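Student: I would like a close look at a single part of this model, the sheet. Please walk me through the strands, their pairing and the side chains on them.

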Amino acid sequence: MGTRGRLMVVWYFLLIRPQRAQAKKRAETLSAIRRGDQVVTAGGLVGKVTKVVDDKELEVEIADGVRVRVVRSGIADVRVKGEPVKADAA
């Protein structure tokens, strides 16, 4: 195996393989979102899932009586039911 082949093996184990594992974990997390879960959108809004519309969309309540539809890919973080929101030390 030449230098080029060794370099490809190193790239695979250091970059490509971990990225694939991370992408798979994210896809599993997004597909497991259920009603009642607390989510953080990519825009930074924190809300509670009130309805799973379909495979691609969720209805999220971001304030009392204020519900928005969010695409699953727009979810940045999923918090477990009942997990408190971490307050920033100001």
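This is a predicted model: local features need pLDDT of at least 70, side-chain atom pairs count only at pLDDT 80 or more; totals for chains, interfaces and linings use all residues.

Tutor: Start with the overall layout. The chain holds 1 helix and 5 strands. Along the sequence they run in the pattern α-β-β-β-β-β. Of the 90 residues, 20% count as buried.

Now the sheet itself. Its 5 strands form an open sheet, ordered β4-β3-β2-β1-β5, with antiparallel pairing. The edges are β4 (66–71) and β5 (75–79). Each of these two has a single partner strand, so one side of each is left without a neighbour in the sheet. On average, neighbouring strands are turned by 40° against each other, direction ignored. As a rule, strands of a sheet pair through backbone hydrogen bonds, either parallel or antiparallel.

Strand β3 covers residues 57–63 and pairs with β4 in the antiparallel sense, over 6 bridges. The hairpin of β3 and β4 has 2 residues between the strands. In that hairpin, Gly-65 takes a positive phi near 80°. Across the pairing, Glu-59 stands opposite Arg-69 in β4.

The salt bridges come next. The whole structure has 3. One joins the side chains of Glu-57 and Arg-69, at 2.7 Å from N to O. Glu-57 belongs to strand β3 and Arg-69 to strand β4, so this pair ties together parts that are 12 residues apart in sequence. Glu-57 is partly exposed, at 24% relative accessibility. Arg-69 is exposed, at 54%. So Glu-59 faces Arg-69 in the strand pairing, while the salt bridge of Arg-69 described here is with Glu-57, because a salt bridge is judged on side-chain atoms, a nitrogen of Lys or Arg within 4 Å of a carboxyl oxygen of Asp or Glu. Glu-59 has a salt bridge with Arg-67, at 3.6 Å from N to O. Its relative accessibility is 19%, and Glu-59 counts as buried, because the cut-off for buried is under 20%.

Strand β1, residues 38–41, pairs with β5 in the antiparallel sense over 4 bridges. Val-40 lies in strand β1. Val-40 is buried at 13% relative accessibility, whereas Asp-77 is partly exposed at 36%. Val-40 also has a C-alpha to C-alpha distance of 9.8 Å to Ile-62, 22 residues apart in sequence.

Arg-79 is buried, with a relative accessible area of 15%. Ala-42 sits in the loop between β1 and β2 (46–52). With a relative accessible area of 64%, Ala-42 is exposed.

Last, the helix. Leu-7 lies in helix α1, residues 3–31. Leu-7 is partly exposed at 48%. Leu-7 is one of the residues of a nonpolar surface patch of about 980 Å², which also includes Trp-11, Tyr-12 and Phe-13. The count of aromatic pairs comes to 1. That pair is Tyr-12 and Phe-13, edge-to-face, 5.2 Å centre to centre with 85° between the planes. Tyr-12 is partly exposed, at 31% relative accessibility.

Technical notes:
Residues are numbered from 1 along each chain as its sequence is written. Side-chain values use heavy atoms; hydrogens and water are left out. Rings of Phe, Tyr and Trp (its six-membered ring) pair if their centres lie within 6.5 Å; planes under 30 degrees apart count as stacked, over 60 as edge-to-face and the rest as tilted. Buried means under 20% relative accessible area, exposed over 50%, partly exposed in between (1.4 Å probe, protein chains only). Two strands pair if DSSP finds at least two bridges between them. Axes are lines fitted to C-alpha atoms, for helices over the stretch in contact, and angles run from 0 to 180 degrees between N-to-C directions. Patches are made of residues with over 30% relative accessible area and no salt bridge: like charges are joined within 9 Å, nonpolar side chains (Val, Leu, Ile, Met, Phe, Trp, Tyr) within 5 Å. Accessible areas come from the Shrake-Rupley method with a 1.4 Å probe; for residues, only the protein chains shown count as cover.
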